[in-house]
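User: I would like to learn how to read a structure like this one. Can you take me through it feature by feature?

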Amino acid sequence: MRWTQTYIPTLREVPSEAELISHRYLLRGGFIRKLAAGVYIYLPMMQRVIDKFANIVRDEMNKAGAIEITMPVLHPAEIWQMSGRYETVGKEQMRLQDRHLHNLVLGGTHEEIVTYLLKGEVKSYKQLPLNLYQIQVKFRDEIRPRFGLMRGREFIMKDAYTFDVDENAFMVAYQKMVDAYFAIFRRAGLDTRKVESDTGAMGGKAAHEFMLIVDTDGGEQTLIFCDHCDYAANIEKATYHEASPPQIDAEILPLKEVDTPHASTIEEVTSFLKIDAKRLIKTLIYLADKKPVAALIRGDRELNLIKLKNHLGANEIDMAPAAIVEEVTESPVGYAGPVGLKNIPIIADPEVTRIRNAVTGANKNEKHLLNVNIDRDFAPSAVVEIVNAVPGEGCPRCNGHLTSKRGIEVGNTFMLGTKYSVSMEAHFLDAEGKERPFIMGSYGIGITRTPQAAIERYHDDKGIIWPKNIAPYLVEIIPLNYEKEEHKQVAEQIYQELVSNGIDCLIDDRLERAGVKFNDADLIGIPVRLVIGDKSLKIGKLEMKYRGSNEMEQVALGNVVAAVKGLLERIN
């Protein structure tokens, strides 16, 4: 392909809307253009990247025994009502009505639709197992679309669904998909980690995410790892045990109220009372499905909202506004405590129950309580882990310690069990003629998200460094002066030789300065660069360079194909 015959509208200025480096490079490199919040047009270079990655996904899915289909994007609402998710999935689901006032859904996932399909088609165990997948556009009404293709309202995803007769057969199918995912990301040049994750609105008994580890602000999630065993989970799911539990007081002391003027935050209270934050109990007021609930955690911990939400079985959970806090606690924000708190569930983290003679808010303005003790002074409605795991604490599986890294989710797998088959009455007859629900799994890969994640992982201060198997082109040929007949002839000859050997190329045939061409080449990040200039041509050579290196190699004109193939074999 010639630069002048395709469309690569590179930009010199950094777009103000782009927060992540990957988003900036996609815009500046002429890969995407914004149409609306969370909605993007994929330009020719991006389309090539999407196609290459989708072909890798399709190939590995087919090898794993999955069968490709295409399901509608537009869904009748009653199918979602059959599973119960129409009422619980939340505001991210895009909904509309047709001219007949029928309620419809724009699909963000297809568990209901594929279950509805097989409910009417598969009647016998002899027709199982089945693994059906598609690569298709999805819609989710994100409350704050941001980060380009990482969190959009319209995106492309590969979603697959397995159907099995029992748990043993399902685990075989699940492992096949896990193996396929590792193969997909390995071929795409991405080193991913499988971590435990929350099942969320998808439901089921367990889930995993495939995370690309990054060192930038683009790492959307904190991942927790053990330094000794293979335990790994995202922050929503990770658990721990205390590596060094705080010392517990020998005796229980009398409850005491003290003045704490102008001290409402953890930092202010601990400083004023000269105590460790581990002795303080934070009382946080939330609204779970619009009903107030109190969460108690140790003063040095952070609440894990997903763990709290899952325990409560809530569809939505938000921090209570100041007016609600004041109504519930009869005090300003910052002075809430569990003692005397009435008519509201109190959920306590286990660490709270182990604090003796704690400090809490007194539910009075500028006052706190000393020597607060569970059972004597308050009784929680439930005791359940509701805090984030943190580096340095003990691994829940071994004697190791936890560490953390930042990562980007590029794929997920869900053990759905019978959540959808039971609710939608999707059954088959087993070998004994008994009716049984399908055992299901769900598996997703972000087709548009993953390439941007790759950029967040592979780039420098000049632009993108594409992994070779998802790069828009493998080789960029840069004649420094395309107007010169010799430059043009050599460029065209090399182009034809490479293309005939199955190596896709881009010729920068613009009548631009060398500096402009080099800057754009760095920006768009094609793996191999071949530079044709007067100095090298005089000795019958051109210059070859890998985008991820500063080293330039002189290559004889008669040996270009072999040299390029050799370089491509050595790079990621």
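Analyst: Start with the layout. This is a predicted model. The C-alpha centres of domain 1 and domain 2 lie 40 Å apart.

User: Into which domains is the protein chain divided?

Analyst: The assignment gives domain 1 (11-192 + 417-455), domain 2 (256-383) and domain 3 (473-570). Domain 1 is written as two segments, 11-192 and 417-455.

User: Next, the nonpolar cores. How many residues does the largest nonpolar core have, and which have the most contacts inside it?

Analyst: Read a core as buried nonpolar residues joined through side-chain atoms. Here the largest has 61 residues. Phe-31, Phe-53, Phe-185 and Ile-447 have the most contacts inside it. Helix H2 (residues 44-63) gives the most to this core, nine residues. Domain 1 (11-192 + 417-455) and domain 3 (473-570) each supply at least three residues to this core.

User: What does Phe-185 touch, beyond residues up to four places away in sequence?

Analyst: Phe-185 touches Phe-53, Leu-190, Thr-192 and Phe-210, and also Val-410, Gly-411, Ile-445 and Thr-450. Phe-53, like Phe-185, is listed with the most contacts inside the largest core.

User: Now pockets. What is the volume of the second largest pocket, and which residues lie nearest its centre?

Analyst: The volume is about 330 Å³. The lining of this pocket has 20 residues. Nearest the centre are Ser-264, Thr-283, Leu-284, Gly-334 and Tyr-335.

User: Which residues is Gly-400 in contact with, leaving aside neighbours within four places in sequence?

Analyst: Gly-400 contacts Cys-226, Asp-227 and His-228, plus Glu-393, Gly-394 and Cys-395.

User: And what separates the C-alpha atoms of Gly-400 and His-487?

Analyst: Read sequence separation and spatial distance side by side. Gly-400 and His-487 are 87 residues apart along the chain, and their C-alpha atoms are separated by 61 Å.

How values were computed:
Residues numbered from 1 in each chain as written. Predicted model: local features only at pLDDT ≥ 70, side-chain atom pairs only at ≥ 80, totals over all residues. Heavy atoms only, no water. Core = buried A, V, L, I, M, F, W, Y, C linked by side-chain atoms within 4.5 Å. Buried < 20%, exposed > 50% of the residue type's maximum accessible area, 1.4 Å probe, protein only. Helix = DSSP H or I, 4+ residues; strand = E, 2+ residues; numbered from the N terminus. Domains from an automatic or database assignment. Contact = heavy atoms within 4.5 Å. 1 Å grid on protein atoms, 1.4 Å probe; cavity = no way out; pocket = protein on both sides within 12 Å on 5 of 7 lines; lining within 4 Å. Points joined across faces, edges and corners; volume = space filled by probe spheres on them.
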